Amino acid sequence: MAGDRYESFEAFWPYYVGEHSKKATRTLHFVGTTAALGCVAGAVLLRRPALVAAALVAGYGRAWASHFFVEQNRPATFTYPLWSLLADFKMWSLMILGEMDAEV
């Protein structure tokens, strides 16, 4: 439940999946996470720390927009920042593997 405090990532994951029930939400997260990873890689390779800020905007901007306008819920990041970040990467990986829809 949204008001519960989760004791483990395994307990948090079903809540996170439920908050990303619409494919458009997951797609916007995937695009945002991919863009953020690209910005971080660019920051390292080009030695341009400002790209880290661009990574945050690219990743969170799309993700939060998807929650407010597509899913119409509150981003899990606001309550569970670390687990939400880990779950974003898990969802991204499962989408690469074509396995995320089965989780929903």
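**Entry 1: the model.** I noted at the outset that this is a predicted model.

**Entry 2: the cavity.** I asked how many cavities of 30 Å³ or more the structure holds. I found one. I then looked up the volume of the largest cavity, which is about 50 Å³.

**Entry 3: the cavity lining.** I listed the residues that line the largest cavity, among them the histidines His20, His29 and His67. The lining also includes Tyr16, Tyr60 and Trp64, as well as Pro75, Ala76 and Thr77. I sorted the lining of the largest cavity by residue class and recorded six nonpolar residues, five polar residues and one charged residue.

Entry 4: I turned to the largest pocket and noted about 250 Å³ of space in it. Its lining has 14 residues, and I recorded Ala36, Gly59, Tyr60, Leu85 and Phe89 as the closest to the centre of the pocket. The elements that give two or more residues to the pocket lining are α2 (23–46), α3 and α4. Here α3 gives the most, with six residues. By class, I recorded ten nonpolar, three polar and one charged residue in the pocket lining.

**Entry 5: the two linings side by side.** I noted that Tyr60 lines the largest cavity and is also among the residues closest to the centre of the largest pocket.

How values were computed
Residues are numbered from 1 along each chain as its sequence is written. This is a predicted model: local features need pLDDT of at least 70, side-chain atom pairs count only at pLDDT 80 or more; totals for chains, interfaces and linings use all residues. Side-chain values use heavy atoms; hydrogens and water are left out. On a 1 Å grid over the protein atoms alone, a cavity is a set of points where a 1.4 Å probe fits but cannot get out, and a pocket is an open set with protein on both sides within 12 Å along at least five of seven lines; lining residues have an atom within 4 Å of a point. Grid points are joined across faces, edges and corners, and a volume is the space filled by probe spheres set on the points. Ala, Val, Leu, Ile, Met, Phe, Trp, Tyr, Cys and Pro count as nonpolar, Asp, Glu, Lys and Arg as charged, and the others, Gly among them, as polar. Helices (H or I, at least four residues) and strands (E, at least two) are DSSP runs, numbered from the N terminus.
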